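Thanks for asking me to look this over. Open the structure alongside my notes and follow along as you read.

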Amino acid sequence: MHFTDIFIRRPVLATVVSLLILLVGARSLQLLNVREYPETTNSTVTVSTSYPGADAEVVKGFITSPMEEAIATADGIDYLESSSIQGVSQITANIELNYDPYQALTQISSKVDQVRSDLPEASRDPTLEVSVGQTTATMYINFHSDVLEPNQITDYLKRVVQPKLNTIAGVQEAELIGGRPFAMRAWLKPDRMTAVGVSPADVREVLEANNHLAGVGRTKGNMVSVRLKAETSPHSVEAFRELVVKRSDEGTIRLGDVAEVELGAEDYDTSVSFQGNPGTFIGVDVVPTANPLEVIQRVRQLLPELRADYPGGLDHTIVYDATEFIEESITEVEKTLIEALLIVVAVIFLFMGSLRAMAIPAVAVPLSLVGTGFLMFALGYSINVLTLLAMVLAIGLVVDDAIIVVENVHRHVERGEPPFDAALYGARELAGPIIAMSLTLVAVYAPIGFMGGLTGALFTEFAYSPAGAVIISGIVALTLSPMMASRMLRPHTGGKGLVHFLETAFDGLRHAYQGVLHRVLNYPGAGVLFGLGVLVSCYFLFATSQSELAPTEDKGTIFIMSDAAADATLEQTMGFADMYDPIFAGFPETNVYFNAVGLSPGGVGAPNQVFSIMRLIPWGERERTAMDIQPILQEKLGSVPGLDPAVFIPPALPGNRGGLPVQFVIGTTSEPEALNEISQELLAAARESGLFVHADTDLKYDLPQVRVHFDRDKIADLGLTMRQVGNELASMTGGAYVNWFSMQGRSYQVVPQVQRIDRLNPDQLRSYHIRVPSGEMIPLSTVASLERTVQPQALRRMDQLNSATLSAIPAPGVSMGEALAFLEGKADEIFPQGYSYDYTGQSRQFKEEGRQLMVTFFLALLLIFLMLAALYESWRDPFVMLVSVPMSIAGALAFLSLGFATLNIYTQIGLITLIGVISKHGILIVAFANQLQAGGYSKRWAIEEASGIRLRPVLMTTAALVLASVPLILATGAGAQSRYALGLVIVSGLSIGTLFTLFVVPVIYLVLGKDQGYPETREGD
């Protein structure tokens, strides 16, 4: 007895198996995490070292370079980037995808400790920070007040709001952005200091000596112990003003006499505005393993509670919430899932004409999808955009098995057999092909699980989820579907109604098809040549298709990064940025917008930099997409004087650290001056090409700098040292903190610095006075001279090579592949020996991931071939079964070559899917032809008869998957571009591939298929 007979004869057993699948799958789906994409660990470790007042060259030579050499030996680093600017060294170690970030942090920390003692004495200790996830937060909250000062708002947020947000389960960090923490500022008055004989070193020494924390212990008697607290440090502005700086016969000079002492802020180089009004932001980052929808919901629930305790005038506004896109995209895919399911059911009814026959696949499809939940839960997967998209495809895949079973049983019923017997015979005939088709689809997705990088991390869940659905579908098709067919299908009663009409129509179609096929088989050579022609065309179609990593998605947000002149102050940059506000507000699609001046996501900000976000209204409330608005916004913002804007859409896929889409890195051991010439030449070529709407390089010699040259002989004659002179100048202009003071249980910096009116320009340095050992105050011009030069804003390196990054935005219609190919070609022309190029950001992902998918494509094809060879104990049959694959691939590539979509990560996954889907047709036809030959048919008659008999199920399964994928092509809203790309490949490839399959597969079978030696039993027409 065949094993399928067991379930037909024991309907309760078949029902129990299916109910177990349903119950376990439903419970598993409830337990699955919900997120935008599968979990990936994309992390960086940033080492920041402050050297107040030092210029970029000093920072690079004495801090960045030695630490880079040490850090580079740590494990798990993909590549190193560094930036040396005035006063700050920042080294970013980009960690390999899914490498443990905290293990990397531990190793890098130990490497930093090895060189810590070699750093300059005046530099601060390096700080290490590990960042896991994207550079942009999941949510931004703006806090604003018409009453409170920015430093008061910042202090309240640090004391009350930030700690509570950090304690929410799933919050990685609530980061304060644009805040101005309290600091005790002593604004020095050079003229007053000179008049009373006080030097900057005196002020610094007083602050160090009199702002002291002393732990004095306790008294201890025979019976009583009393703890002591010594008030050795000032705690208020008044106390700092009263500090004695100098005593003489002429009187006492206090700090308040030579400086304006106030409770100010640590720095004044950043500013954030929300829709034109000043604000302070908190960015909420979610732990990668957490469900962002649940975490942000908890944040939203906490905010009203916090608002109830706000001090007068303080309020908040949520200005950005990434979960809105996640929710919208998941909702859109769920709608597509339901639409696809309804379409498949309708297709089955239109092909079968029977509600009873339709009911069997209508039960099998959702059962298979729900049952997949158990496999997803067991493998640690989540419900995300990709797995839901995979389920849309799975509808068309899993329905095949049920359709084939019902159609085959129905065929036996039409021959006059009772439904029970028809189910027995039909299931026996299809057990082998169903197992083969299920294993084929599992095999086609298996190589994706072996891929590394972002593609493997993201698309393993996408691939294995439908593969699991196919396995469940195969079980249902061999247990529940035959049993239901044996009970639900009615005996054949002759011709009337819709069923008879469809039977007659398909009989006519079958006879017409077999007639055409018979004539085609008379000329097998032509069919073989046609197949070879299609195979060759695949290469040319592939080569002429534009390529990119992923299609640009409308995430409801537009990012803008802008630069002012290198020497622009915060106030000047803010003035320019304010001109953006009416432009943002002028778009009817605008929801909210904000400008962050002096801040740069994922890097070191500068007062001349502006980062802006324009958030759009929901997708259903606007007609234009973010991609439609982008070039218009670029043009309008480009008219604002003083700023050079770059308008771009956030990356569609996770796993990169932000920035413009194209990031082309030039590396060399040559000096920055020589590197600048090469980078400017490449930049000019990029701008002249017309391929980019914006292009710029981060190496520019446009920052005015004044070198202070000291006369060492005079300094020595006066009894001074270079350390003393350098420290005096640094104390006046450096802005470094001396120590910390306590206020209301928290510590804050104490910062002496010359007041702004006395450092408006470099020439004022000449009038600064320093004291010589004799006690006399001499002007700095006595021992120093000034030289004006021009330097780059930052000295950058990548993998310990001096680097310049050309960042660009491709013009509309220009793909990432085309843009990078142009830059690579120009680099080969321009670069002298010793220069190389590399990539970061989205460009790096594109170059790394694109190669892997092609290897995976051919590996999947090879695995299917070997799987079928093992199942059918033949090397010929698998070749014949798979001959339809290039037909299908060519059909899809034709539309990509014509520009309907690009060759991207979604279309390539679609091409891999096509291998498994289209090969099912070949398996059905060839397996049945072999059965007919075994039953005494000649080789030609067997393939003609098999093709005719399998015409209806082939057309049904094709129509089911093609029509189920139509909603993907017609997708709108969040995530529409990726759904369109995948749907286009499936619809075009499967439609054209099926048409070719119906003729080319029989031809190849006739030429290469095994002939079992039976004579012709039917003469040709």
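Here are my points on a few side chains and ring pairs.

1. Keep in mind from the start that this is a predicted model.

2. Let's begin with asparagine 595, which you'll find in strand β19 (residues 590-597). Is it buried or exposed? Asparagine 595 has a relative accessible area of 1%, and since buried means under 20%, it counts as buried.

3. What does the side chain of asparagine 595 reach? Look for the backbone oxygen of alanine 577, at 3.4 Å. Leaving out residues up to four places away in sequence, asparagine 595 also touches others, including Ser271, Tyr580, Phe584 and Phe611.

4. Now for the rings: the count of aromatic pairs comes to 26. One of them joins tyrosine 513 and phenylalanine 999 edge-to-face, with 5.5 Å centre to centre and 70° between the planes. Tyrosine 513 sits in helix α16 (residues 497-521) and phenylalanine 999 in helix α31 (residues 976-1008), so this pair ties together parts 486 residues apart in sequence. Tyrosine 513 is buried at 7% relative accessibility, whereas phenylalanine 999, at 23%, is partly exposed.

5. Phenylalanine 831 and tyrosine 835 make a tilted pair, 6.1 Å centre to centre with 50° between the planes. Both residues are buried. They also belong to a cluster linked by ring pairs, together with Phe664, Tyr837 and Tyr839.

6. Finally, check out the charges over rings. Arginine 124 has its charged end over the ring of tyrosine 737, 4.3 Å from the centre.

Technical notes. Residues are numbered from 1 along each chain as its sequence is written. This is a predicted model: local features need pLDDT of at least 70, side-chain atom pairs count only at pLDDT 80 or more; totals for chains, interfaces and linings use all residues. Side-chain values use heavy atoms; hydrogens and water are left out. Helices (H or I, at least four residues) and strands (E, at least two) are DSSP runs, numbered from the N terminus. Buried means under 20% relative accessible area, exposed over 50%, partly exposed in between (1.4 Å probe, protein chains only). A polar contact is a pair of N or O atoms within 3.5 Å; within protein, one must be able to donate a hydrogen and the other to accept it, and residues adjacent in sequence count only if both atoms are side-chain atoms. Contact means heavy atoms within 4.5 Å. Rings of Phe, Tyr and Trp (its six-membered ring) pair if their centres lie within 6.5 Å; planes under 30 degrees apart count as stacked, over 60 as edge-to-face and the rest as tilted. A charge sits over a ring if NZ of Lys or CZ of Arg is within 6 Å of the ring centre and within 35 degrees of the ring normal.
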